[in-house]
Number of protein chains: 2
Amino acid sequence: MTTTLPLAQTPRTSRDTAAGACCAPLVREAADPETAVELARVFKALGDPTRVRLLSVIAAHDGGEACVCDLTEPVGLSQPTVSHHLKLMVDAGLLTREQRGKWAYYSVVPGALNRLGVLLTETAG
Amino acid sequence: MTTTLPLAQTPRTSRDTAAGACCAPLVREAADPETAVELARVFKALGDPTRVRLLSVIAAHDGGEACVCDLTEPVGLSQPTVSHHLKLMVDAGLLTREQRGKWAYYSVVPGALNRLGVLLTETAG
């Protein structure tokens with residue numbers, strides 16, 4: 001169910017370095033358009049206060065895992081609505097979901113957010 | 001021009017720890033609703049492939065700084081459109097802008113993205 005981010009798809013060529021720069025030269029390569037689309041999708045999944053709250057509440061649980069039954073009260077929303085928000089984050093690769101008997105449990109994918117930041121600003125190229 | 005993230009506004013009380021949890025107890029505190037709104041605003045600013053590309057291109061420049069004159073070609077958009085996208089990221093605290101003569105220069109705020117991830121998943125409480 002988890003979408004793998006294309007972390008290995010760093011660009012192998014850079015037309016940017018050949019573009020007549022007026023200023024400082026490029027020293028690393030930027031994310032290619034396909035990677036940018038994928039990253040934007042993940043960021044968009046977090047562009048909602050309820051989803052930020054849910055991710056934060058899950059991360060604050062012991063072991064970075066929480067039962068959906070514990071997530072409705074903190075955000076004050078119904079379980080179907082909460083489950084919808086959680087699914088968007090599972091699809092974006094930020095959470096994993098595991099069914100155990102009656103309840104679904106959600107875990108934060110370790111380092112998912114930090115990887116986004118690193119990919120964008122520190123390891124390009 | 002930079003919006004400061006409310007990194008110091010971690011919640012001081014947590015009703016979550018008192019909520020009848022069915023599962024693992026909370027061991028840290030989650031982001032409060034106001035912080036969640038602010039974080040979501042920053043993530044939303046990155047929920048667009050063009051802005052991800054622009055941030056990535058700027059980060060790939062020497063010193064993490066780029067002239068707006070170097071940013072139109074990589075994304076294939078007009079300078080007014082590029083400047084609009086850049087302004088959204090300045091307002092979100094992801095970039096800083098400095099006018100030098102004819103051109104505006106944009107810099108990545110160091111660690112801005114990593115701080116988002118840390119705030120959400122590692123340092124709550």
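Buried means under 20% relative accessible area, exposed over 50% and partly exposed in between, with a 1.4 Å probe and protein chains only. These close-ups come from a predicted model, where local features need pLDDT of at least 70, side-chain atom pairs count only at pLDDT 80 or more, and totals for chains, interfaces and linings use all residues. Residues are numbered from 1 along each chain as its sequence is written, chains are lettered from A and ligands numbered from 1 in the order in which they are written, and side-chain values use heavy atoms, leaving out hydrogens and water.

View 1. Counting a disulfide as a pair of cysteine sulfur atoms within 2.5 Å, we get two over all chains. In chain A, the link runs from A:C67 to A:C69, at 2.3 Å S to S. Both A:C67 and A:C69 are buried, and their link is right-handed, with 130° about the S-S bond. In chain B, B:C67 pairs up with B:C69, S to S 2.3 Å. That link is right-handed too, with 130° about the S-S bond, and B:C67 is buried at a relative accessible area of 0%.

**View 2. The open sheet of chain A.** Helices (H or I, at least four residues) and strands (E, at least two) are DSSP runs, numbered from the N terminus, and two strands pair if DSSP finds at least two bridges between them. Three strands sit in the order 1-3-2, with antiparallel pairing. Strand 1 (65-67) and strand 2 (95-100) are at the edges with a single partner strand each, so one side of each has no neighbour in the sheet. Strand 1 is joined to strand 3 (residues 103-108) by three bridges; A:A66, for one, has A:Y106 as its bridge partner.

View 3. Rings of Phe, Tyr and Trp (its six-membered ring) pair if their centres lie within 6.5 Å; planes under 30 degrees apart count as stacked, over 60 as edge-to-face and the rest as tilted. Searching the whole structure turns up one such pair over all chains. A:F43 and B:F43 are stacked, 6.3 Å centre to centre with 25° between the planes. Each lies in helix 1 (residues 33-45) of its own chain, so the pair joins two chains. A:F43 is buried at 1% relative accessible area, and B:F43 is buried at 1% as well.

**View 4. Arginine over tyrosine.** A charge sits over a ring if NZ of Lys or CZ of Arg is within 6 Å of the ring centre and within 35 degrees of the ring normal. The charged end of A:R100 is over the ring of A:Y105, 4.3 Å from the centre. In chain B, B:R100 lies over the face of B:Y105, at 4.4 Å from the ring centre.
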